[in-house]
Amino acid sequence: MTPFRLRRKIFSSLILIFCIWFLGLKWFEIQIPQSKNPLPENSADAIVVLTGGSGRLEYALQLMAEGKSNILFISGAGKDVTLDDVVRQAQSEVRGKINRNNIILGHQGENTIGNAEEIKEWLKNTNYKKIILVTSNYHIPRSLLELSTSLPQISIITAPVIADDNEMLFSEYHKYIASKLRHMFISVTQKK
């Protein structure tokens with residue numbers, strides 16, 4: 001093969017890879033909720049919030065106060081976070097409507113994979129079949145991938161916190177690709 005043909009083949013391959021990456025990014029953007037979805041009262045057995053993003057905990061506490069579920073599990077709470085710290089995050093009109101005794105702090109989840117494992121462990125001791133997942137909208141696709149893989153028997157209703165952070169889009173897209181590839185690898189290696 002001549003150097004010119006080799007360069008042309010490499011260039012064509014790079015263009016193809018870029019097109020696949022770009023189309024994947026556009027598909028990923030479509031998967032990101034752009035608005036909050038209305039949830040009926042008592043719509044789930046528990047609300048589960050993944051910490052780490054602005055407004056997530058506050059929204060989860062609001063949903064609890066609105067009666068969407070009377071149980072709240074907080075995955076990935078810092079090791080030093082207390083129940084008092086959590087309640088202080090709620091708006092004043094919400095504080096009186098939440099039951100502190102029904103808020104469970106999970107301190108083990110340090111990332112999305114860890115959150116899925118922590119939630120799976122917590123749910124083992126319950127009969128819950130339906131949860132409301134609260135996380136940032138850009139985090140919904142990867143969170144659903146991790147949770148639905150770990151918890152195939154659990155119905156997951158998403159309650160996105162709408163974030164206007166375009167910088168997170170590229171980062172989250174690449175993390176989603178990595179998660180997808182990891183699950184594909186695990187699936188293939190477990191079949192052997």
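The model is predicted, so local features are described where pLDDT is at least 70, side-chain atom pairs count only at pLDDT 80 or more, and totals for chains, interfaces and linings use all residues. Residues are numbered from 1 along each chain as its sequence is written, and side-chain values use heavy atoms, with hydrogens and water left out.

**The whole chain.** Begin with the protein coloured by secondary structure, where there are seven helices and five strands; helices (H or I, at least four residues) and strands (E, at least two) are DSSP runs, numbered from the N terminus. Along the sequence these elements follow the pattern α-β-α-β-α-α-β-α-β-α-β-α. The C-alpha atoms fill a box of roughly 75 × 40 × 35 Å, taken along the principal axes. Of the 192 residues, 41% are buried, meaning under 20% relative accessible area, with exposed set at over 50% and partly exposed in between (1.4 Å probe, protein chains only).

**Helix 5.** Next select residues 112-124, which form helix 5. Its 13 residues should span 18 Å at 1.5 Å a residue, and its end C-alpha atoms are 18 Å apart, which agrees; the expected span is 1.5 Å times one less than the number of residues. Now show the side chains of its buried residues, Thr-112, Asn-115, Ala-116, Glu-118, Ile-119, Trp-122 and Leu-123. They lie on the same side of helix 5, because they cover an arc of only 165° around the axis, judged by the directions from the helix axis to the C-beta atoms. Among the elements that cover these residues are strand 1 (46-50), strand 2 (72-75), strand 3 (103-106), strand 4 (130-136) and helix 6.

**Helix 5 against helix 6.** On the helix 5 side, the contact (heavy atoms within 4.5 Å) is made by Thr-112, Ile-113, Ala-116, Glu-117, Ile-119 and Lys-120, and on the helix 6 side by Arg-142, Ser-143, Glu-146, Leu-147 and Ser-150.

**Cys-19.** Finally, move to helix 1 (residues 3-31) and select Cys-19 within it, which counts as partly exposed because its relative accessibility is 37%. From Cys-19, a C-alpha to C-alpha distance drawn to Ala-163 comes to 27 Å, across a separation of 144 residues in sequence.

How values were computed: Axes fitted to C-alpha atoms, helices over the stretch in contact; angles between N-to-C directions.
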